[in-house]
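Open the structure in your viewer and keep the selection tool at hand. This tour goes stop by stop.

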Amino acid sequence: MSTTKQETRRAAQLQADSPWPHVRLAETDRLEAFSDGVLSITMTLLVAEIVRPDHAFGQLLEKLAAQWASYIAFLASFCYAAVIWLNHRAVFARVRYCDRSLHLANLFLLLTSALIPFPTAILSAAIQRGSEFDARVAVALYAAVAGAMCLSWLVVFHVLSMRPYLLEDGVNPDFFPKERFRATLGVISYAIAGVAGWLSTPKVALLIFLALPVFYGITSEGLTETRIRLQFRRTRRGASAKNGHEGLPAE
């Protein structure tokens, strides 16, 4: 059977499996382009949070140094947005079609992702001013927004888990169900950080805030598809093949 006929038959089968068989499934090109645009604008506008300081003659260096928290907030927000983009790219590299539910889940994801710079700027300003109570409020706000962002990823993973007909050929059916654990871990961790920062000290929350983007950056290709796990899998496969060859009788 020709490739064209195979693709036509597969498309027809996917259409039949869809909850709305009368609606044509769309490919993800427009969804990805729109998402890239939103994330790129979010990352570009981050620099607007760094204000040009008013200074007297000879005091520029001092005023620039006094804004150290704004620079850290910019870097943190940019890196976080970059991690979100990496995860988004990895997800939709495994998705071929999108339906209304996936579009809505993706819009929720973009909404929460675009909000991340706001609590980051609030947190940096609160730390810079040195008010303990303001820092607690800022930590709680950041934890709430970041937790909502992880919740949006959970919705995306759940939609893809329930609609395997949207996935590319060859994608493991268990991939996105397992990814739900990664998103749930973020929701729980940010909730713990918010409570700990409010009841104990904001420093505990800050450690969690710094650790989670690193974790999501390392696992951007999926919890079961990290470079370390893939390398371990190749090594184990090579060792098994080698042992198999050694076990063959000599001719």
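How do α7 and α8 run relative to each other, roughly parallel or roughly antiparallel? Select helix α7 (residues 132–162) and helix α8 (residues 175–199). They pack at an angle of about 170°, with their axes 8 Å apart. So α7 and α8 are roughly antiparallel (angles over 145 degrees, taken between N-to-C directions from 0 to 180). Axes are lines fitted to C-alpha atoms over the stretch in contact, and helices are DSSP runs (H or I, at least four residues), numbered from the N terminus.

A word on the model. It is predicted: local features need pLDDT of at least 70, side-chain atom pairs count only at pLDDT 80 or more, and totals for chains, interfaces and linings use all residues. Residues are numbered from 1 along each chain as its sequence is written, and side-chain values use heavy atoms, without hydrogens and water.

Next, select Phe133 and Trp198. They form an edge-to-face aromatic pair, 5.9 Å centre to centre with 65° between the planes (ring centres within 6.5 Å, planes over 60 degrees apart; for Trp, the six-membered ring counts). Phe133 lies in α7 and Trp198 in α8, so the pair ties together parts 65 residues apart in sequence.

Now color by ring pairs. Trp153, Phe157, Phe175 and Phe176 are linked into a cluster.

Last stop: Thr42, in helix α2 (residues 29–45). Thr42 is buried, with a relative accessible area of 12% (buried is under 20%, with a 1.4 Å probe and protein chains only). Leaving aside neighbours within four places in sequence, Thr42 is in contact with Ser113, Ala114 and Pro117 (heavy atoms within 4.5 Å).

Terms used
Helix = DSSP H or I, 4+ residues; strand = E, 2+ residues; numbered from the N terminus. Parallel < 35°, antiparallel > 145°, perpendicular 65-115°, else oblique. Buried < 20%, exposed > 50% of the residue type's maximum accessible area, 1.4 Å probe, protein only. Phe/Tyr/Trp six-rings, centres within 6.5 Å; stacked < 30°, edge-to-face > 60°.
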